[in-house]
Amino acid sequence: MATVLIIGDVGGCAEQLAAAVDPLLGDADTVVIQVGDLIDRGPDNSAVLAMVRDRMAGAPRWIQLVGHHELQYLGGGRFWQDPIAAANAELLRSWWLCERVQIAAAVRTADGADLLVTHAGLTFDAWCALDAPVMASTAAELLNTRPDELLWARDGPLWAQSRQVYQSWFAAPVAAPFGQVHGHSSVVDYRGRSWMCASRIRQRCTVDWTARHTVTRISGHHFIGVDPKHGHHDAAQWAPLVLTNAEILA
């Protein structure tokens with residue numbers, strides 16, 4: 001069992017990343033999962049990537065997932081107007097080629113709930129494209145084979161909007177088989193403290209405005225959004241998702 005720390009999108013905010021991780025250095029029972037989008041928007045992409053490079057080589061254990069902003073440098077089309085330094089792009093490509101970054105992870109919580117962790121979340125259609133795995137660990141293993149048809153799809157686990165993910169499962173002819181944790185987008189505007197989703201989602205969603213987490217209940221499972229929405233400026237207040245006495249499944 002371990003304390004699992006799930007960190008949402010970093011977006012070039014090195015100080016925010018350090019504040020989340022540094023207090024845990026040296027704790028052998030901690031595992032960090034970062035959901036991708038380490039780069040762009042914020043002030044210091046180089047410092048973020050250097051920090052992650054060092055953390056992956058030390059303690060606590062670090063599981064790095066890929067986001068769509070990294071995908072630009074891994075064979076995808078460029079969409080962000082400000083390119084990162086050539087050395088940083090090469091570092092990302094080396095992680096990808098050496099499989100030091102993954103598409104998904106799976107976690108079992110202390111109360112026995114299984115959670116699939118991806119950058120943007122897995123829609124019902126994407127789940128079907130994986131042949132409908134019933135376990136979060138199986139879904140993670142299948143995603144980590146890097147299926148091209150999902151990696152580049154606008155409704156895939158690196159691109160789908162949270163509203164799209166949740167609505168797809170509400171409309172699905174079967175119940176969601178497991179819960180999920182994702183970054184990338186949110187169903188609320190934290191700065192304005194307002195909702196950006198249909199009433200069906202809002203009725204099933206609770207918000208921690210301080211930690212900047214949302215929890216939406218679907219088929220008896222929790223779909224948890226952890227993107228703190230740093231933007232061009234750091235979020236004034238936020239916290240990683242902390243799962244105590246949890247188990248890494250994949």
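Biologist: What should I know about the model and the numbering?
Modeller: It is a predicted model, where local features need pLDDT of at least 70, side-chain atom pairs count only at pLDDT 80 or more, and totals for chains, interfaces and linings use all residues. Residues are numbered from 1 along each chain as its sequence is written, and side-chain values use heavy atoms, with hydrogens and water left out.

Biologist: Pockets, then. What is the volume of the largest pocket?
Modeller: About 250 Å³. A pocket is an open set of points on a 1 Å grid over the protein atoms alone, where a 1.4 Å probe fits, with protein on both sides within 12 Å along at least five of seven lines. The volume is the space filled by probe spheres set on the points, which are joined across faces, edges and corners.

Biologist: Which residues lie nearest its centre?
Modeller: Asp9, Arg41, His184, Asp227 and Lys229, out of 16 lining residues. Lining residues have an atom within 4 Å of a point.

Biologist: And the second largest pocket, what is its volume?
Modeller: About 220 Å³. Thr109, Asp111, Ala113, Leu115 and His222 are closest to its centre, among 13 lining residues.

Biologist: Which strand gives the largest share of that lining?
Modeller: Strand 12, with three residues. Strands are DSSP runs of E, at least two residues; helices are runs of H or I, at least four; both are numbered from the N terminus.

Biologist: New topic. How many aromatic pairs are there?
Modeller: Six, by this rule: rings of Phe, Tyr and Trp (its six-membered ring) pair if their centres lie within 6.5 Å, and planes under 30 degrees apart are stacked, over 60 edge-to-face, the rest tilted. Tyrosine 190 and tryptophan 209 are edge-to-face, 6.0 Å centre to centre, with 80 degrees between the planes.

Biologist: Is tyrosine 190 buried or exposed?
Modeller: Buried, at 6% relative accessible area. Tryptophan 209 is partly exposed, at 21%. Buried means under 20%, exposed over 50%, partly exposed in between (1.4 Å probe, protein chains only).

Biologist: Where is alanine 106?
Modeller: In strand 5, residues 105-108. Alanine 106 counts as buried because its relative accessibility is 0%.

Biologist: And asparagine 88, where is that?
Modeller: In helix 4, residues 86-97. Asparagine 88 is buried too, at 10% relative accessibility. Not counting residues up to four places away in sequence, asparagine 88 touches Asn45, Ser46 and Leu49. Contact means heavy atoms within 4.5 Å.
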